[in-house]
Amino acid sequence: MFDNISFANPDFFWLFLLLPLAIVWYIFKQKEQTASLRISSAKGFSHNSILPKLKPALFLLRLLALGAIIVALARPQTEDISTRTKTTKGIDIVMAIDVSSSMLARDLKPNRLSALKKVAADFIKERPNDRIGLVVYAGEGYTKTPITTDKSIVLNALSEITYGQLDDGTAIGMGLATSVNRLKESTAKSKIIILLTDGVNNSGFIEPQTAADLAIEFGIKTYTIGLGTNGNALSPIAYNADGSFRYGMRQVEIDENLLKDIASATGGRYFRATDNESLEEIYDEINKLEKTEVEEFKYYRYEEKFRFWALLALGLLLLEWILRNTVFRSFV
């Protein structure tokens, strides 16, 4: 009954100060009304009735009634709160992922592509209010998933990304242009591309600078990430007879100047990830930089509970009046 109770008029609780004053007044009045009579013997006045000793119960009933009236005046009520959220500034995001053979290098654990997929999945889960799409590219690029709010679709598509779905190579311009094509019709207030590569542009018929110009034209911000350790990395260098890769040490080459130029021209930032931890930190940083504005609406519904206390006070006063005029009639 008292769970989730609040009071609309809590100032009325000051009236509880009247209760001790009433008790003092009652005691003082009782002393004034008590007469003394000296007699040689009280034998003739003795009786066994307990009612005179219970007479203060009438005053107690009045005190309880007064307390109930004060609580009723304070207007106890229960509060039911419901919330609704509304995205006021949605963000459309396309993640462009390099799936060339060099993404199988093992300077990140277990390899670059697997490490990227894990971090990207965490990033997607932390963006519940945004639309996200996936573009994959190697020697060419294509849309793996159009931008959508259904994160289960995006996460499932991300888990399916593997090497070998495209001709080998690193077509940065194609990956960026395909991403721009996914976002150019978007009406979102903010449109961003997160482009990740571990190499140098060496394929495709669209130059990276041309794709960057398209991103600028459509107001699309691009964050670029260079993935790979500094120095040499254990990378695929040839095929074995069974079709598996043979690994060997290879110099890590990333066109950082190109990635920096793309990011700077489109209003984004360039990051370098040399290990699993730095890759996670980069996506965390982008997550912080691109905040979606969500407005929360709260609805309050109050249910008044003063009627119980008012009826309780009325009942106590009625009980006091009945007792005073029946059981205690000869003693009041």
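Setting aside neighbours within four places in sequence, T170 is in contact with D98, S100, Y137, A138, G139, T197, G199, V200, N201, N202 and S203. Please keep in mind that this is a predicted model. T170 sits in the loop between α5 (151–159) and α6 (172–183).

Let me step back to the whole chain for a moment. The protein has 10 helices and 11 strands. Of its 332 residues, 40% count as buried. Now take contacts between residues at least 6 apart in sequence: 80% of these join residues at least 24 apart.

On to how the helices pack. Have a look at α3 (residues 56–73) and α10 (residues 306–324), which pack at an angle of about 160° with their axes 8 Å apart. Angles over 145 degrees count as roughly antiparallel, so that is the description for α3 and α10. Their crossing is left-handed. Who takes part? From α3 we have L58, L61, R62, L64, A65, A68, I69, V71 and A72. Across from them, α10 brings F306, W309, A310, L312, A313, L316, L317, L319, E320, L323 and R324.

The other pair I'd like to show you is α7 (residues 208–217) with α8 (residues 256–266). Their axes come within 9 Å and cross at roughly 15°. An angle under 35 degrees counts as roughly parallel, and therefore α7 and α8 are roughly parallel to each other. This crossing is right-handed. The contact involves P208, A212, A215 and I216 on the α7 side, and L258, I262, A265 and T266 on the α8 side.

Now for the aromatics. How many aromatic pairs does a search of the whole structure find? The search turns up 7. One of them is F7 with F13: the ring centres are 4.9 Å apart and the planes stand at 80°, so this pair is edge-to-face. Both rings belong to a cluster, in which ring pairs link F7, F13 and F16. F7 is partly exposed, at 33% relative accessibility, and F13 is partly exposed too, with a relative accessible area of 28%.

Another pair is F308 with W309. Here the centres lie 5.2 Å apart with the planes at 85°, so the pair is edge-to-face. F308 counts as partly exposed at 42% relative accessibility, whereas W309 is buried, with a relative accessible area of 17%.

One more ring deserves a slide. Which residue has its charged end over the ring of Y247? That is R106, and its charged end is 3.7 Å from the ring centre.

I'll finish with two spots in the backbone. K109 and P110 are joined by a cis peptide bond, with omega at about -5°. P110 is in the loop between β3 (91–98) and α4 (112–125). Then there is R75, which has a positive phi of about 55° although it is not a glycine. R75 lies in the loop between α3 and β2 (76–89), and at 32% relative accessibility R75 counts as partly exposed.

Thanks, everyone, and I'm happy to go back to any of these views.

Technical notes:
Residues are numbered from 1 along each chain as its sequence is written. This is a predicted model: local features need pLDDT of at least 70, side-chain atom pairs count only at pLDDT 80 or more; totals for chains, interfaces and linings use all residues. Side-chain values use heavy atoms; hydrogens and water are left out. Rings of Phe, Tyr and Trp (its six-membered ring) pair if their centres lie within 6.5 Å; planes under 30 degrees apart count as stacked, over 60 as edge-to-face and the rest as tilted. Buried means under 20% relative accessible area, exposed over 50%, partly exposed in between (1.4 Å probe, protein chains only). A charge sits over a ring if NZ of Lys or CZ of Arg is within 6 Å of the ring centre and within 35 degrees of the ring normal. Axes are lines fitted to C-alpha atoms, for helices over the stretch in contact, and angles run from 0 to 180 degrees between N-to-C directions. Helices (H or I, at least four residues) and strands (E, at least two) are DSSP runs, numbered from the N terminus. Angles under 35 degrees count as roughly parallel, over 145 as roughly antiparallel, 65 to 115 as roughly perpendicular and the rest as oblique. A crossing is left-handed if the near helix is turned anticlockwise from the far one by less than a right angle, and right-handed if clockwise. Contact means heavy atoms within 4.5 Å.
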